[in-house]
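Student: Hi! Could you walk me through this protein, one piece at a time?
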Amino acid sequence: MVASPIDGGIVVLYLIGMIAVGYWGYRRSESLEEYLVAGRNIPLWMYVPVMSAVILGGASTIGGAGLGYQYGVSGAWLVVWLGLGVAAIGLLISTQLANLKAYTLGEVLERRFDAYSGTVGAVVAGVYALTIAITQVISIGTVLSALSGYGLAEMTVLAGAIVVAYTALGGMLSVTITDFLQWLVMTVGIFALALPLGLIEVGGISGLTSKLDPSYFSPGGIGWGTVFTYFLLYFLGIMIGQDIWQRVFTADGPRTARVGNVATGAYAVVYGIATAVLGMIALVLFPAIENPDLALPTMVIETVPVGLAGLILAGFISAMMSTADSALLAASTLFTNDIYRRFVDPDASEKRYTDTSRLGIVVLGAVAIWAAVAIGDVINALTLAYNLLTGAIFVPILGAFFWKGATWQGALAAIVGGSVVVVASMALYGFASDLPIIYGLATSLVLFVGVGLVTGPPPREKLERWLADTSSEPTIE
């Protein structure tokens, strides 16, 4: 299944180009705001592609096609819920997020509640972001291994090093440019090349339907219990991810954030269906693949003409790198803004904070590479991250925007209590179970509301300032 030298050369040139863009961003990032949120001036025409690139990574592309290979069109549910979750951000809270002009999820919690809630929330969100980076490095390594014939561990290390290099160099400026280019490559690779060429190989849609069991075309083929699990993990989880919020903070205004997120959600739904269909095509052509995550690379390498295969594979790698760089930057930003800046050096210069964030990317990137080699599984690692994120901080985050009576005591109790219950439940039932996230959400909700009612109302001045910052209401009536 090794690719031709021409296809391999195309991918190598693409990877070198990503590092070059990182160096360009390094020369252009003159302030902390440029490094962390691209100066908050990303227009709508660029915002939709770069937000799409953030959410559509290895789990969406390689993992999504693998689910299509196993379950048919219902394998698209994972990506569909991601898209609908991003659209929900656009409809519910994107305007407030854009108006806050914050850097991190932890900072938002601090401004609504207190520093304790912000710090604990930042730690939980940081664990999530780092785990997302790990899953993407695993996915990139998987594709590079299939492409080159070299071992998975070696290619995983190479993939991680490239992502760390260009992300650390240029920060969000580099990430924005690379994500935009990666979105173009992956869109062309999936919709203009892989999908039509694959359908030709199997005789079109009619050929595909005649060669597969009807269950592969059922929306519930994967099992409605699994669909519900994906809702809990991906719809709820994507709404409160630091990597997603940090991209919202780059928008040039509330309208861009609102419209852009809804448009991104629509694109993601179509993308998810496309990758599931590609997995079904791979099943028809190569029914004996042992690892479903290799279904898509195998189909491309074995069936697509030389040269075009390299472009498609570069598209797959683009999807993964665009999520990996955003997740790494998110984890580092949380550390810099909510830990280092708050407790270590609150009066440091912008240059010191920028350098600290850059160092954080390198250190956290090294951890991600090590963990990627050790874990080696995309979907399970992603489930672990979303369990903790959703079960622990979904309720206090949404409550911050929609309940004026929420207090910092309730928020802190919800985050800590939800985290403990999620971890204990995963140890008891395993992270493949729905129970950890359900128990975590229930615990978090009870503590958030119960403690909030006992300790409320929140200080009037702090709440008025929050309402003014989010522009939801100027004063309290």
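**A serine and its surroundings**

Tutor: Happy to! Serine 425 has 6% relative accessibility, so the residue counts as buried (under 20% relative accessible area, with exposed over 50% and partly exposed in between, using a 1.4 Å probe and protein chains only). This is a predicted model, where local features need pLDDT of at least 70 and side-chain atom pairs count only at pLDDT 80 or more, while totals for chains, interfaces and linings use all residues. Residues are numbered from 1 along each chain as its sequence is written, and side-chain values use heavy atoms, leaving out hydrogens and water.

Student: Which helix does serine 425 lie in?

Tutor: Serine 425 is part of helix 18, residues 408-429. Helices here are DSSP runs (H or I, at least four residues), numbered from the N terminus.

Student: And what does serine 425 touch?

Tutor: Leaving aside residues up to four places away in sequence, serine 425 touches Gly430, Pro436 and Tyr439. Contact means heavy atoms within 4.5 Å.

Student: New topic: how high is the mean pLDDT of the protein?

Tutor: The mean is 87, and 96% of the residues reach 70 or more. pLDDT is the predictor's confidence in each residue, from 0 to 100.

Student: Where does pLDDT stay under 50?

Tutor: That happens over residues 472-477, for which the model has nine contacts beyond four places in sequence.

Student: What about isoleucine 393, what does that touch?

Tutor: Not counting residues up to four places away in sequence, isoleucine 393 touches Leu105, Gly121, Val124, Ala125, Ile240 and Ile415.

Key
Helix = DSSP H or I, 4+ residues; strand = E, 2+ residues; numbered from the N terminus.
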